[in-house]
Amino acid sequence: MPSHRPSALITGITGQDGLYLAELLLAKGYEVHGVIRGQNNPRRELVERLVPDVHLHNGDLTDMSSLLRALGSARPDEVYNLGAISFVAYSWENAALTADVTAKGVLTMLEAVRLHAGDDPGAVRFYQASSSEMFGSVPEWPQHERTLLWPRSPYGVSKVFGHYMTINYRESYGMHASSGILFNHESPRRGEEFVTRKVSRAVAAISLGLADELVLGTLDAQRDWGFAGDYVEAMWLMLQQDQPDDYVIATGVTHSIRDLVDVAFRHIGVDDWSGHVRQDDRFRRPAEVDRLVGDASKAREVLGWKPRVGFDELVAMMVDADIAALRAGW
């Protein structure tokens, strides 16, 4: 690793992972750069408020020239490719755009890094944000790095493309390119379209008398939920290893959406929430992934990583943050 002050470039810096990762790297003394799409991006103000020391560059994962400009300006030692169209339900409505950004965008970023690095392909360490959605309907639990990939959404298919392209660039060009196969990770910074934040926001509103109903699709889907702030540390640890590799990052514990709702309502003192929750088939996926749970043994053994925030603590954190935000009029 460099003897000078290290520099990192983050795509997708406006998302929860990008924000937590930027905070982590700044605390470690990095010079941090972020790629942000569009000069009038509505989340630019959020980034500037939460991580004001980050240098922002206009760029787009579908535009090679903009990525090369950002790389040339930032001169990073590490690149974290977190940018994607990440809301799974949206990927059915816009499969082509999802493929352009979430799949082909990885190739564009990899090629930009390779060209930028020139004769020393391992000089810039690359992290790709892979996803547990790549596993889809595979009949094996828990899922690990060697588990068959069987994606069930355009988002999952796109992530598989990016995952294997990262492996290909590592093997073909000698790039220090690693993928983190991250299982569901949440936080108060999660977008309100995601089910965890949808639940926490609605429960917060119900607790304040601002709403009386939470509308969901299935309550039976099971996920392995962790805290995004824990998971970005695993990203950083991957790029500190001498050899690049792929790692599952997960808690190893599965909970249903029903469990999520139960914990959220219990946190505001409601034991029987049946009168507040309604199911609507409009919120069901065309092809559901019923159960995901990860085996992060490799990350524990090689990286020394383990999650710190448990499920109940995570849900309580999100509900409390939404109560505070609603009280503040956000």
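Strand β5, helix α6 (residues 154-173) and strand β6 form a β-α-β unit of the right-handed kind; here helices (H or I, at least four residues) and strands (E, at least two) are DSSP runs, numbered from the N terminus. A crossover is called right-handed if, with the strands pointing away from the viewer, the path from the first strand over the helix to the second runs clockwise. The model is predicted, so to speak of local features a pLDDT of at least 70 is needed and side-chain atom pairs count only at pLDDT 80 or more, while totals for chains, interfaces and linings use all residues. Residues are numbered from 1 along each chain as its sequence is written, and side-chain values use heavy atoms, with hydrogens and water left out.

Contact means heavy atoms within 4.5 Å, and axes are lines fitted to C-alpha atoms, for helices over the stretch in contact, with angles from 0 to 180 degrees between N-to-C directions.

On one side, 6 bridges link β6 to β5 in the parallel sense, and F126 stands opposite A177 of β6. β6 also runs parallel to β11, joined by 4 bridges, with Y247 in β11 as the bridge partner of G180. In a regular strand, side chains alternate between the two faces of the sheet. In β6, A177, S179 and I181 point one way and S178, G180 and L182 the other. Strand β6 (residues 177-182) is mostly covered, with 6 of its 6 residues buried; buried means under 20% relative accessible area, exposed over 50%, and partly exposed in between (1.4 Å probe, protein chains only).

Elsewhere in the sheet, β1 and β4 (residues 78-81) pair in parallel over 4 bridges, and I10 stands opposite Y80 in β4. Both residues also belong to the largest nonpolar core, which has 37 residues; I10, L25, Y80, Y127, I249 and W305 touch the most other members. Such a core is a set of buried Ala, Val, Leu, Ile, Met, Phe, Trp, Tyr and Cys residues joined through side-chain atoms within 4.5 Å. Elements giving two or more residues to this core include β1 (7-11), α1 (16-27), β5 (125-131) and α8 (228-238). Its largest share, 8 residues, comes from α8. Beyond its neighbours up to four places away in sequence, Y80 touches residues including I10, L25, Y127, M235 and W236. Another core, of 25 residues, lies apart from this one and has L216, A221, V263 and A264 among its members.

Helices α1 and α8 also meet each other. Their axes are 9 Å apart and the helices pack at an angle of about 65 degrees. The residues that meet include Y20, L21 and L25 in α1, and V232, M235 and W236 in α8.

The loop between β1 and α1 holds T14. Because its relative accessibility is 15%, T14 counts as buried. Leaving out residues up to four places away in sequence, T14 touches L19, I36, N41, R43 and V47.

Methods
Pairing = 2+ DSSP bridges.
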